[in-house]
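I opened this model to look up its helices, its packing and a few individual residues. My entries below are in the order in which I looked.

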Amino acid sequence: MIEPALSTSTPRPEEDVTTTLYRAAIGPVSSAYYLPIFTRFEAADHAGISWNTAASLLTLNWLVFRKLWVAALAYVGILVAVALLVFGIARLVLQFSDSLMMALGLGFGLAAFVLPGLFGNALFHTECRKAMAKALTGHANVADARDALLRQASSRKRLIALGVINAVAILIFALAYQQLSTLGQVAVL
């Protein structure tokens, strides 16, 4: 959920310091979604499991948008490693049946979507807390720390740029598929 443009450069009078810093660390996109979740995590004194649809369905895009680079690299690495091990090496060596391969594929796909959806908010909360701690230790006052967090936070401009990159990538893949299928038809004739 994207909230309307708000003046994030000045703190809201009713907010405490922690909420103000979270708002700055999250940035202008979806802070209305994340703030109640992070408040609940703070009250419980630990991040818990909660559902994040964007982290589930658009995992890599969500990780890149939120600048969770280590998690994005780990996610891609795990996906590639598991796919190669299960669908490449294990299938050749252990000669899995087609029904077992389908079940493994379904389980792998389900895990690739469900786990990020369940733990995405906790991951983002942890990274926001790290950024807040770094900003507070690197600046003389809360206002300067807040401003530093705002400069680092994901923005609408970043969201639009990511959408354009995705659209271009889809277009390139569609054109490549069309060209390959055309070449395949010519080769058959």
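The entries go from the whole chain to single residues.

**Ground rules.** I am working with a predicted model, in which local features need pLDDT of at least 70, side-chain atom pairs count only at pLDDT 80 or more, and totals for chains, interfaces and linings use all residues. Residues are numbered from 1 along each chain as its sequence is written, and side-chain values use heavy atoms, with hydrogens and water left out.

**Overall make-up.** I looked up the secondary structure and found eight helices and zero strands, where helices (H or I, at least four residues) and strands (E, at least two) are DSSP runs numbered from the N terminus. Along the sequence the pattern reads α-α-α-α-α-α-α-α. Of the 189 residues in the protein, 28% are buried, with buried meaning under 20% relative accessible area, exposed over 50% and partly exposed in between (1.4 Å probe, protein chains only). I then turned to contacts, defined as heavy atoms within 4.5 Å; among those between residues at least 6 apart in sequence, 71% join residues at least 24 apart.

**The core.** I looked for nonpolar cores, each a set of buried Ala, Val, Leu, Ile, Met, Phe, Trp, Tyr and Cys residues joined through side-chain atoms within 4.5 Å. The largest has 25 residues, and those with the most contacts inside it are I26, F38, W62, L63, F124, C128 and L149. Two or more residues are given to this core by each of α1, α2, α4, α5, α6 and α7. As background, I note that in soluble globular proteins nonpolar side chains tend to be buried together.

**Helix α1.** Is α1 mostly covered or mostly uncovered? I find it mostly covered, as seven of its ten residues are buried, namely T20, L21, Y22, R23, A24, A25 and I26. These buried residues pack against α2, α6 and α7. After α1 comes G27, whose phi is positive, near 95°.

**The pair α1 and α7.** I checked how α1 lies against helix α7 (residues 142–152): the two axes come within 7 Å and cross at roughly 25°, where axes are lines fitted to C-alpha atoms, for helices over the stretch in contact, and angles run from 0 to 180 degrees between N-to-C directions. That crossing makes α1 roughly parallel to α7, since angles under 35 degrees count as roughly parallel, over 145 as roughly antiparallel, 65 to 115 as roughly perpendicular and the rest as oblique. In this contact V17, T20, L21, A24 and A25 of α1 meet V142, A145, R146, L149 and L150 of α7. The contact residues divide into eight nonpolar, one polar and one charged, with Ala, Val, Leu, Ile, Met, Phe, Trp, Tyr, Cys and Pro taken as nonpolar, Asp, Glu, Lys and Arg as charged, and the others, Gly among them, as polar. On the α7 side, the buried residues are A145, R146, A148, L149 and L150, and they pack against α1 and α6 (98–138). At the start of α7, a side-chain oxygen of N141 reaches to within 3.2 Å of the backbone nitrogen of A143.

**N52.** What does the side chain of N52, in the loop between α2 and α3 (53–57), reach? It reaches the backbone nitrogen of A55 at 3.0 Å, and a polar contact of 2.7 Å joins the side chains of N52 and N121. I take a polar contact as a pair of N or O atoms within 3.5 Å; within protein, one must be able to donate a hydrogen and the other to accept it, and residues adjacent in sequence count only if both atoms are side-chain atoms. N52 is buried, with a relative accessible area of 2%. Leaving aside neighbours within four places in sequence, N52 is in contact with Y33, Y34, W62, G117 and N121, while W62 is in contact with Y34, N52, A54, A55, L68, G120 and F124.

**Backbone angles.** Most residues other than glycine have a negative phi, so I noted the exceptions. Phi of S30 is near 70°; S30 lies in the loop between α1 (17–26) and α2 (31–44) and counts as buried at 10% relative accessibility. Phi of K67 is near 60°; K67 lies in the loop between α4 (59–65) and α5 (69–94) and counts as partly exposed at 32% relative accessibility.
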